[in-house]
Amino acid sequence: MKLKFFLIDFNGNTYIEDVQNLKEIFFTFPSFCNHSFQAGKNCKILKKEPIPFKRYKKAFDYVIEEIKKGNTYLLNLTFPTKIKTDCNLMDIFSSSKAPFKLYYKNRFVCFSPERFVKIQNNKIYTYPMKGTIDASTPNAKEKILSNTKETAEHTMVVDLLRNDLGIIGRNVRVNKFRFTDKIKAGDKELLQVSSEIEATLPNNWHYNWIELIKQMLPAGSVTGTPKKKTVEIIKKAENYERGFYTGIFGITDEKTFLDSAVIIRYIENPLPPSPFTLSNFIYKSGGGITIESNVYDEYNELIKKVYIPN
């Protein structure tokens, strides 16, 4: 089976190559990987240096004002955190546990729990993720599923993704709404809330598959709603380049199958790529902001999401 690999950053810049021709690009999907690396080190984050709370609060307050004006209802606010580790990017790629992983030319590594879209024959599926809770919390599943803020946030993302699928497909429906999965988060486990949405594609989808995918970008779960205006607000609020972070990567046979993931849980090499770089990296993370969000909770969540799932 001949496969294509594709990578699209947050701004829409696109890279496509035959999997057999990839150099210094390694990936893992549930159905396929192009490497045989085994976990070696148990990589840890030794130090976190998040942005100052003052900078975060300024951006947060701006977002809340835009929500009050009706310009956005849900916005995914992200920032970079400087980290020190005891590993290089290849060590992190090999040791981290996630259904979707990517190592890209010593520039970044991603260990994502979130599928973007999957195409099987003429059906397309997407699985938006919104809402997490420590799995050790008493009655964790009941608490996260009954949380008003989390429910509202998740519902908005599902509506956004339904609309996105409707741009390129028909017969859009939500198969499963707000189910939980357990994921590793450093030395603990989280419950992550997801939904499954399905649509039917035209029979000739494979002739212009990359254009179809790009019509849905950037991903709704890492931007917000309404998407176009929210992306404008994001760029003003964050005032940094996301780059590959919150883009997507995937594989396809260009006939019957495509799988892809959102580039979250992301560590970047801020220096000119060097095989000798061991510890000084950038970890980008964030979370959804709604009118009910608390600035202290959101700032702490941004920091808590800085981890390597071993």
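In this predicted model, helices H1 and H7 cross with a right-handed sense. H1 covers residues 53-68 and H7 covers residues 295-304, and their axes come within 10 Å at a crossing angle of roughly 120°. Because angles of 65 to 115 degrees count as roughly perpendicular and those over 145 as roughly antiparallel, H1 is classed as oblique to H7.

From H1, the contact draws on Phe 53, Tyr 56, Lys 57 and Phe 60, while H7 contributes Val 295, Tyr 296, Glu 298, Tyr 299 and Leu 302. Sorted by class, seven of the residues in the contact of H1 with H7 are nonpolar and two are charged, with no polar residues.

H7 also takes part in the largest pocket, as one of the elements that each supply at least two residues of its lining. The others in this group are strands S4 (45-49), S10 (129-134), S12 (188-200) and S17 (280-289), together with helices H3 (140-146) and H4 (148-168). Of the contributors, S10 gives the most to the lining, with six residues.

The largest pocket holds about 1,000 Å³ of space. A total of 48 residues line this pocket, and those nearest its centre are Thr 132, Leu 190, Glu 301, Lys 304 and Lys 305.

Methods. Residues are numbered from 1 along each chain as its sequence is written. This is a predicted model: local features need pLDDT of at least 70, side-chain atom pairs count only at pLDDT 80 or more; totals for chains, interfaces and linings use all residues. Side-chain values use heavy atoms; hydrogens and water are left out. Axes are lines fitted to C-alpha atoms, for helices over the stretch in contact, and angles run from 0 to 180 degrees between N-to-C directions. Helices (H or I, at least four residues) and strands (E, at least two) are DSSP runs, numbered from the N terminus. Angles under 35 degrees count as roughly parallel, over 145 as roughly antiparallel, 65 to 115 as roughly perpendicular and the rest as oblique. A crossing is left-handed if the near helix is turned anticlockwise from the far one by less than a right angle, and right-handed if clockwise. Contact means heavy atoms within 4.5 Å. Ala, Val, Leu, Ile, Met, Phe, Trp, Tyr, Cys and Pro count as nonpolar, Asp, Glu, Lys and Arg as charged, and the others, Gly among them, as polar. On a 1 Å grid over the protein atoms alone, a cavity is a set of points where a 1.4 Å probe fits but cannot get out, and a pocket is an open set with protein on both sides within 12 Å along at least five of seven lines; lining residues have an atom within 4 Å of a point. Grid points are joined across faces, edges and corners, and a volume is the space filled by probe spheres set on the points.
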